[in-house]
Amino acid sequence: MALRSMAMSEPPAASWLAAIVESSDDAIVSKTLDGLITSWNPAAQRLFGYTAEEVIGRPISILAAPDREDEMPANLERIRRGEKVDRYETVRRRKDGSLVDISLTVSPIRDVTGRIVGASKIARDITARKQVEERQRLLTAELSHRVKNLFAVVQVLAERSASKATSAAECIEAFRGRLQALNAAHNALIGGNWNWASLPSLIRTVLEPYLGDGDRIRLDVEDLQLNPDFALTLALGLNELATNAAKHGALASPTGRVTLTARVEADESGDEFRLVWQEDGGPAVDAPAVAGFGTSMLSQAIEYQHEGKVELDWRKEGLICRLTLPLAKAASSSGSRQ
């Protein structure tokens with residue numbers, strides 16, 4: 001496609017310069033001091049969608065984006081004064097009405113006598129760079145939000161660990177276990193680019209200290225993508241259940257077993273996420289006079305934050321914890337089942 005232009009006197013080596021303009025990846029456009037387009041290279045067609053035949057002789061204002069109509073006249077006024085408009089970022093409108101981010105320079109065109117007769121514009125598509133910058137901005141904002149939330153959670157865990165402990169060693173042990181559960185949740189979220197966490201991966205990571213001893217914990221877990229908030233709650237809750245089972249429940253006895261099932265089931269009001277932690281074969285269990293931090297935290301978080309419910313059945317044979325909540329509150333919106 002040859003460079004199209006209105007009739008203008010060509011300087012020496014015009015054909016060489018025309019070839020450079022023709023092959024440039026940047027949109028190169030010239031216009032009169034009245035703003036009429038006089039030349040339009042192939043890159044300008046690719047960027048803005050107009051062919052040279054469609055735009056030569058028309059006002060450059062056809063490219064003006066909403067709320068930027070005054071930008072071009074202001075640039076032309078500077079050109080008339082002999083100034084160059086150094087590269088800056090702006091927005092232009094394509095033929096199809098869509099907007100495109102560009103970087104732009106505008107320079108005076110002079111005739112052989114030095115008189116300013118027009119302006120040349122070099123525009124570069126910076127859409128990809130802007131998208132990267134926006135993703136980076138969103139990631140930074142999300143990271144800041146998550147770090148603040150993490151500090152708040154850690155503070156609560158530290159305070160509760162200290163308030164419920166009877167010794168410094170017990171406090172450190174409880175706090176360490178809760179931090180490990182937080183770490184498990186974060187590792188699972190990293191696998192999902194912080195958009196979701198794999199349910200099987202999360203459960204296995206949290207319960208890893210207890211899974212190496214035969215089949216003391218039997219898992220029947222559906223492959224599900226959890227949203228980040230619920231993944232954090234579930235990791236902390238499972239850590240509390242496993243810690244209590246190791247101290248007072250089924251995992252405190254060589255004959256004790258835990259069965260954990262987690263799956264999606266249909267309900268009259270829609271799909272639900274249901275998890276059951278069932279202990280058997282351990283020492284006889286009595287309901288505590290006062291709910292511990294772990295079960296209280298899990299119950300309150302599921303009820304108030306995730307709109308679900310937790311049922312604790314303190315059977316003599318062992319604790320059964322049933323956790324139920326709407327699937328929409330548990331699963332990631334990017335895809336619940338894999």
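A surface patch, as the term is used here, is made of residues with over 30% relative accessible area and no salt bridge, and nonpolar side chains are joined within 5 Å. In this predicted model, W16, L17 and I20 make a nonpolar patch of about 350 Å².

**Nonpolar surface patch**
- W16, one of the residues that make the patch, belongs to helix α1, which spans residues 14-23.
- The relative accessible area of W16 is 61%, and exposed means over 50%, so W16 counts as exposed.

**Helix α7**
- Helix α7 comprises residues 199-206, and its buried residues are L199, L202, I203 and V206.
- Because these residues cover an arc of only 95° around the axis, they lie on the same side of α7.
- The N-terminal end of α7 is capped by S198, from which a side-chain oxygen lies 3.3 Å from the backbone nitrogen of S201.

**N41 in the loop between β3 and α2**
- N41 is located in the loop that runs between β3 (37-40) and α2 (42-48).
- With a relative accessible area of 0%, where buried means under 20%, N41 is therefore classed as buried.
- The N41 side chain reaches the backbone oxygen of D26 at 3.0 Å.
- The side chain of N41 also reaches the backbone nitrogen of I28, at 3.0 Å.

Conventions:
Residues numbered from 1 in each chain as written. Predicted model: local features only at pLDDT ≥ 70, side-chain atom pairs only at ≥ 80, totals over all residues. Heavy atoms only, no water. Patch = residues over 30% accessible without salt bridge, like charges linked within 9 Å, V, L, I, M, F, W, Y side chains within 5 Å. Areas by Shrake-Rupley, 256 points an atom, 1.4 Å probe, with all protein chains shown as cover. Salt bridge = Lys/Arg side-chain N within 4 Å of Asp/Glu carboxyl O. Helix = DSSP H or I, 4+ residues; strand = E, 2+ residues; numbered from the N terminus. Buried < 20%, exposed > 50% of the residue type's maximum accessible area, 1.4 Å probe, protein only. Arc of directions from axis to C-beta. Polar contact = N/O pair within 3.5 Å; in protein donor to acceptor, adjacent residues only side chain to side chain.
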